[in-house]
Amino acid sequence: MIEILLIMSAGILIGYLIRSNGRLIRLADRMVIITILVLLFFMGFTIGRDPLIMGSLPQLGLTALILSVAGVTGSMLLALLVWKLYFRKNR
Amino acid sequence: MKTSLYILIAFVLGLLFGQTALSPGFLINGEPAKYTLYVLMLLVGISIGADHRSLNLIREQGFRLMVLPLVTIVGTFAAIIPVSALLTDVSTGESLAVGAGFGYYSLSGIIITRIHSETLGIIALLANVIREIITLVFAPVMVVWFGKLAPITAAGATSMDTTLPVITAASGREFSVIALAHGIILTIIVPVLVTTILMFFV
């Protein structure tokens with residue numbers, strides 16, 4: 001797993017070095033989307049051929065919904081607190 | 001928005017293709033996907049490193065800029081930890097990895113699938129798509145109940161692009177810069193945080 005972070009750090013360095021080359025950057029940005037599409041196809045593929053996962057999709061969806069609602073609510077509550085304590089005082 | 005549609009099509013095509021009997025064996029062992037992920041991480045790094053906006057923002061704003069992304073991270077995790085105790089199919093560490101996607105569903109779903117499991121990957125994909133949809137639908141209500149920063153933190157990493165229009169409509173144009181900065185920073189943090197959580201807490 002650490003290799004993922006190392007590869008990304010190498011990418012950041014390369015990106016910084018080529019930051020004034022607009023054509024290369026646009027190419028990289030387009031390649032990001034293409035690789036994401038390829039990987040999501042792979043992801044769909046591995047899930048599609050696994051009847052066990054396909055069968056438990058409703059359950060997984062419910063877990064996803066619960067985690068999502070929890071995360072959104074938690075961050076909004078803290079944002080309300082920070083808004084009242086910090087942002088408004090600074091105006 | 002067009003990209004989201006392509007993402008959905010690619011994923012559904014994969015699903016359908018996986019169910020046919022003619023699926024090629026070389027895709028099954030996961031090796032091609034592993035190397036494609038390496039390429040993706042390199043490319044994601046390049047676009048982060050080459051992005052003038054992030055560097056300029058950090059130079060101009062410094063730590064102040066980190067306040068709202070930090071609120072999003074801490075708020076999300078503080079709520080997910082107790083809630084995950086009630087869930088039977090995921091551990092707390094796994095739930096945090098899902099939450100660390102902050103709406104960046106494509107990348108978090110992919111990383112979690114590759115370095116943890118397909119099951120958690122699909123949960124991450126769904127949970128983060130849902131985070132984006134909740135923000136798109138409820139942004140006007142969020143402002144009333146939780147203040148003007150609420151739609152931005154709810155949006156997570158998507159506050160820089162897909163949800164930016166509804167955020168500025170709900171909170172006001174003066175919040176567009178804050179929303180943009182928040183999204184840019186979280187977009188950078190997502191791959192790092194997801195991988196770190198899976199490394200040390202799962």
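**Exercise 1.** In this predicted model, state which loop of chain B holds B:F102, and decide whether the residue counts as buried or exposed.

*Solution.* B:F102 is found in the loop of chain B between α5 (92-99) and α6 (105-115). The next step is to count its surroundings: B:F102 has 31 C-beta neighbours inside 10 Å, and a residue is buried if 20 or more other C-beta atoms lie within that distance, so B:F102 counts as buried. As for the backbone, most residues other than glycine have a negative phi, whereas B:F102, although not a glycine, has a positive phi of about 40 degrees.

**Exercise 2.** Describe how helix α3 (residues 52-61) and helix α10 (residues 176-200) of chain B cross, and which residues meet there.

*Solution.* Begin with the axes, which come within 10 Å and cross at roughly 110 degrees. Because angles of 65 to 115 degrees count as roughly perpendicular, α3(B) is roughly perpendicular to α10(B). The crossing of α3(B) and α10(B) is left-handed. Turning to the residues, B:R53, B:S54 and B:L57 of α3(B) meet B:A181, B:I184 and B:I188 of α10(B); sorted by class, this contact has four nonpolar, one polar and one charged residues.

**Exercise 3.** Work out how many residues of chains A and B are in contact, and which helix of chain A gives the most to the side that touches chain B.

*Solution.* The contact joins 61 residues of chain A with 76 residues of chain B. On the chain A side, α1 (2-17), α2 (22-48) and α4 (57-87) each supply at least two residues, and α4(A) gives the most, with 23 residues. By class, the residues of this side of chain A divide into 42 nonpolar, 15 polar and four charged.

Notes. Residues numbered from 1 in each chain as written. Chains lettered and ligands numbered in written order. Predicted model: local features only at pLDDT ≥ 70, side-chain atom pairs only at ≥ 80, totals over all residues. Axes fitted to C-alpha atoms, helices over the stretch in contact; angles between N-to-C directions. Helix = DSSP H or I, 4+ residues; strand = E, 2+ residues; numbered from the N terminus. Parallel < 35°, antiparallel > 145°, perpendicular 65-115°, else oblique. Left-handed = near helix turned anticlockwise from the far one by under 90°. Contact = placed C-beta atoms within 7 Å. Nonpolar A, V, L, I, M, F, W, Y, C, P; charged D, E, K, R; others polar. Buried ≥ 20, exposed ≤ 12 C-beta atoms within 10 Å, placed from the backbone.
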